[in-house]
Amino acid sequence: MNSSITAAATLDWDGPGAPAHARREFTWHALLWVMVFPRKRHRIALTVPGLFLMATAMGIGTAAYNTASNILFITLSLLLACLLLSGLLSWFNFMGLCWRVRPQGPWRAGHETLVTVEVQNRKRWLPTYSLWFELATQPRHIPEPEDGGKNLRMREILAAAEKYITRGRVYLRERMEPGGTALLDWGVKPTRRGEALLELGAVGSLFPFGFLKKNIGTDLKQTVLVWPAQVEYQWIGAMAAHTGSQGQRTARAGIGDDLLALRKYQQGDSHRLIHWKASARLGQMMVRQFAAESRDGFVLSLDSSATRWTRAEQFELLCSLAATLAEDLFAAGRLRGVILNGGILRETRRLRDVEAWLDELARLEFSENGGRTPSSAMRGGGTPPPVTHNVITFAPEGARGVTAYVDGRQTASA
Amino acid sequence: MSTAAKPRQLNLDELLLLKWLLGGALALVSLWTVFFLDIEALGLVGVAGAVIIAVLVWPQLPGRLPPLIWKLSVPAIVIAMAADLYFSPDTLPVLIRLAILLVLYRAVAYRRKREDLQLLVLGLFLIVVAGVLTVSLGFAFLLLLFTACALGFLFIINLIEASGTGAVRTAEAETAWTRLGWRNFIGRLRAVADWRLLVFASVLFTTVVVMSGLLFLVIPRFEVASGFFLDRYITRKSRSGFSDTVKFGDVTELLRDDGVAMRVDFTDASGIREEPYWRLVVLDEYAPGGFKVSAGLKGELLRGQRIMQQLRGRPIGRKVNEVGGVWTFYVEPGVSRFLPLPGSYGLLRLRDPVPLQTSPGNRLVALRTESMTMSAFQLDEVELTPTLTDARFPQLLRQAQSDPPRIDDAFRYDPRLTLRGPEGPANEAVLRRIVSEVTGGATLPAEEFSRRATAWLRARHAYALSVKIPKGEGTDDIVRWLDSNEPGFCEYFAAGFTVLARAAGHPARMVVGFHGGVLNGFENYFMVKNSNAHAWAEIYDGKAAWFRADPTPGGAAVTTQNNVGGVQQEQDSSWSARVDSLRVLWYRRIVNFDSRQQVQMIEQMKTFTTDSGSAMKAQLEEISKRLKAWLAQPWNAARLGRSLGLGAGVAALGWLLWRLTGQGWSRWRQWRRPAEYDPVRRTAGVWLGRLRQREIRSEVVAELQRLRYGRRETWPEPRAVFRRARMARRGVKR
């Protein structure tokens with residue numbers, strides 16, 4: 001999985017009606033104080049109609065005092081009462097609400113993915129109307145400006161950081177009944193590989209009359225891993241592939257000779273695959289499942305040392321190519337394992353092995369401490385892995401490109 | 001988006017149609033307020049209302065008009081306003097007519113959020129202007145109606161904005177809501193109506209009204225000089241006959257009007273034993289065809305004009321027979337700029353400092369202009385005296401006779417006018433003859449003359465509302481009427497008396513105002529109607545005072561200080577009086593509410609709280625004493641049995657009522673939503689709640705959950721499950 005959550009508490013519901021929400025003991029002075037000084041991150045702002053209402057109320061108030069006309073005083077008090085009602089209804093609207101954020105599927109740089117906001121109305125009688133949820137995602141570590149920001153003003157620094165932040169707003173368009181749940185999806189396209197911070201910044205509403213914009217700030221944050229982007233590359237592996245490992249058994253289902261497992265019969269299965277003895281024993285039709293045989297399997301060996309990769313863009317391309325090759329080779333059943341910075345070989349038998357490799361690539365940082373320094377920087381070589389053949393290594397090509405080599409021979413380039 | 005429970009709610013098109021409906025209602029309510037205003041816009045309001053109703057019923061109509069018409073509408077309105085401003089003498093009616101046109105334009109054109117808010121503001125403008133100018137009870141009703149519509153309107157706008165955010169719709173889809181049929185729409189409204197939400201909305205609206213009432217009471221008041229008032233920008237036509245000139249017949253026209261002219265509220269009605277004469281205007285100058293306020297008296301009023309809020313009447317310290325406590329007058333707009341005064345008073349108090357014209361000798365108080373709104377004022381230390389002390393009059397008369405005012409000094413008060421009647425030899429000959437008939441050739445004191453003249457008039461003329469004056473040459477109408485046997489009404493009697501008194505050498509003048517009224521049976525105040533309009537005379541006693549003479553048949557003939565009639569006050573307890581009492585409540589509690597009353601109210605609240613607390617404490621102590629005494633009485637088996645039986649009976653009755661209420665509620669819910677209500681599921685829910693409270697986790701919980709949420713086919717036998725749940729709970733208790 002590429003979405004890991006930093007703290008278990010963030011998985012939980014948040015909001016005024018969240019089960020774990022600390023309920024303060026009700027006191028009148030606390031209620032009055034909250035009205036005077038709202039809680040932290042609770043913001044109430046006037047909208048244009050609200051501003052107009054206030055201006056109208058002030059105008060009518062001035063006229064009322066100027067003329068001592070009780071008709072104007074009663075109009076003024078009605079306007080103020082409407083404003084109070086607006087606040088009261090807004091409070092009712094948020095009461096008993098809770099929400100949580102769930103990132104959906106793998107996150108990959110440059111690919112759109114979904115974030116689901118799950119909202120629950122835990123009130124017994126009253127529905128909830130017209131909410132919006134302000135979401136944002138950004139790299140966990142935003143790169144500093146090139147000169148360290150010494151010559152930049154704060155506004156420029158913030159503007160530079162804003163480029164890395166993707167913001168979005170999802171709306172609850174329909175009424176949410178008492179006890180109802182709503183799922184709202186936000187499509188987001190992460191721009192950079194690495195750890196990203198997914199944040200539900202605020203939940204807002206103009207309910208009920210649009211006079212006031214009420215925002216409730218939340219602390220709902222999740223760290224999500226963004227896998228490297230997929231890149232297009234040219235594969236010339238046919239001439240480079242070694243054939244020594246052909247016919248090797250793999251842990252995936254396929255059409256080999258070795259029995260991998262038994263499974264239930266499904267419509268369309270060949271009758272020849274039925275395992276009669278097991279079927280008789282279990283009382284239901286079981287079929288044999290054979291293991292796939294690997295053909296020319298490869299080992300991906302990636303050396304991320306700073307002496308080899310001096311340019312950040314090239315390093316990103318390396319990660320993307322390594323990730324893309326790993327996925328493509330695994331899909332074709334030709335990925336035997338992976339090695340990072342001359343470490344041990346980790347076999348990739350299951351999908352989660354590949355996902356673990358993509359997680360590692362996502363976390364790989366471009367720095368001098370990125371990996372072990374290679375003993376020799378021969379072309380296409382890198383650090384020789386303990387395996388002897390069909391090892392794919394990577395090396396820079398020119399100023400921007402990256403080339404993959406199999407046993408010193410070029411096999412792919414991006 | 002998906003929801004667990006499928007919501008029953010209106011879609012975007014239905015919301016748009018509802019918004020259209022509410023916007024139209026809002027416009028109609030705001031136009032309705034213009035009917036309260038006395039401006040020339042009723043035709044325009046009628047047309048605008050008809051057009052708005054038409055587009056409400058057929059919302060697709062605006063879409064069929066060519067776009068050019070919509071483009072030309074605003075310039076046309078601007079041109080109409082400019083022309084109106086050019087031809088109209090007042091500014092405010094022009095603004096109101098402009099607002100009507102703009103409301104019409106906004107109500108019939110398709111609107112987005114901005115235009116919706118514009119419609120709201122225009123409607124509010126009309127409502128507030130009408131309220132300020134009329135101060136009528138209808139304003140309160142319309143304001144509440146407008147508020148309800150406006151809140152609903154804003155609510156729907158907000159829902160539309162939330163549900164339509166980011167959605168891109170085609171032009172065809174934009175107007176799809178206009179093609180929804182009303183029948184389907186009403187059916188949908190009924191389907192989505194949730195009684196809980198409706199009750200909640202009603203409670204909230206009531207809360208708004210209560211909150212605004214409380215805010216109205218607690219908003220701090222301090223007096224700022226009247227700097228701006230809308231009625232300066234509008235000229236109002238007088239509806240009554242009580243202006244500076246009264247022609248014969250003016251008062252009688254009012255007699256046919258049954259509308260309330262003023263309401264008089266007093267704090268103590270016990271001392272009032274006669275029908276008051278509400279004195280408005282003193283007409284001292286005779287003119288053929290009527291009487292009028294002389295230019296000199298007008299000049300005196302003008303010279304006595306001051307901006308004031310309080311006016312002292314009687315000198316301080318003079319002992320009088322006060323009645324009524326504090327009298328509060330609510331005079332309807334259009335009655336007169338003169339304030340109705342029932343007698344002498346200690347202090348006259350107005351709501352705000354206003355330019356006030358006074359003539360102490362004539363006991364006249366007048367506003368500079370006739371008020372557009374209800375005028376309220378208070379009188380303290382009122383004495384219902386029929387005499388008016390004026391010790392300076394003989395001196396002024398002598399001075400005027402010895403040194404007559406110059407002809408070009410028309411604004412100097414000339415007391416000689418109170419001795420001048422119809423002139424010319426023919427008039428004088430007739431009057432001399434009648435006076436000698438009345439007096440028998442003797443010179444009578446004013447009181448005696450007054451009595452005889454009244455008797456003569458009543459013997460010669462009957463009372464009738466239609467008068468036929470005999471034709472003749474050389475004499476005035478009033479003289480011919482006096483010389484005839486024709487019936488007449490109050491003005492003829494009063495005028496006839498006045499000219500006879502003047503012919504006899506007694507200074508006299510005609511006074512118009514109201515006489516009597518009925519007590520409202522609900523709120524204990526005087527309702528004086530226009531039909532109470534009356535005219536009478538005042539004659540100078542030759543010493544130091546004017547006294548009232550009412551020669552009209554049915555009126556008190558000559559009323560002096562010592563002649564106070566014991567008239568039984570008539571009470572009105574009809575439905576119209578009940579409705580009218582609401583108006584006085586509105587005037588008392590809302591319109592006339594000021595800083596003094598605010599302080600009074602706070603003091604009353606304080607007193608009430610303290611008193612009720614003491615009373616409650618005393619009552620509790622009394623109950624406690626009685627309980628102790630009851631317990632201390634000797635107990636025997638019979639008494640114990642009776643007490644226990646009574647207790648058990650009360651408990652059983654309470655339990656029965658509780659069960660009946662619960663069953664009634666369940667049946668009502670079952671009748672309301674038979675598909676959604678299931679007693680088994682409900683009972684299972686109740687048991688689940690009880691077991692959850694005691695943290696019981698046994699198999700019966702799963703069975704209860706199945707009964708609560710599961711499909712009916714999978715249910716276990718409910719009674720057995722509930723029995724097991726009961727046993728599980730008892731097991732935990734033990």
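Visitor: Which residue stands opposite B:Lys247?
Guide: In this predicted model, B:Lys247 has B:Gly290 of strand 5 of chain B opposite.

Visitor: How many bridges join strand 1 and strand 5 of chain B, and in which sense do the strands pair?
Guide: Strand 1 of chain B is joined to strand 5, residues 290-292, by three bridges, and the pairing is antiparallel.

Visitor: What is the strand order in that sheet of chain B?
Guide: The order is 1-5-4, in an open sheet of three strands with antiparallel pairing. Strand 1 (245-247) and strand 4 (285-287) of chain B have a single partner strand each, so they form the edges, and one side of each lacks a neighbour in the sheet.

Visitor: And the twist? What is the average from one strand to the next?
Guide: The average twist is 20° from one strand to the next.

Visitor: Is the crossing left-handed or right-handed?
Guide: Helix 3 of chain A passes helix 7 of chain B in a right-handed crossing.

Visitor: Which residues meet there?
Guide: From helix 3 of chain A, A:Ile71, A:Thr75, A:Leu78 and A:Cys82 meet B:Phe139, B:Leu143, B:Thr147 and B:Leu151 of helix 7 of chain B.

Visitor: How many of these are nonpolar, polar or charged?
Guide: In the contact of helix 3 of chain A with helix 7 of chain B, six residues are nonpolar, two are polar and none is charged.

How values were computed
Residues numbered from 1 in each chain as written. Chains lettered and ligands numbered in written order. Predicted model: local features only at pLDDT ≥ 70, side-chain atom pairs only at ≥ 80, totals over all residues. Pairing = 2+ DSSP bridges. Helix = DSSP H or I, 4+ residues; strand = E, 2+ residues; numbered from the N terminus. Axes fitted to C-alpha atoms, helices over the stretch in contact; angles between N-to-C directions. Left-handed = near helix turned anticlockwise from the far one by under 90°. Contact = placed C-beta atoms within 7 Å. Nonpolar A, V, L, I, M, F, W, Y, C, P; charged D, E, K, R; others polar.
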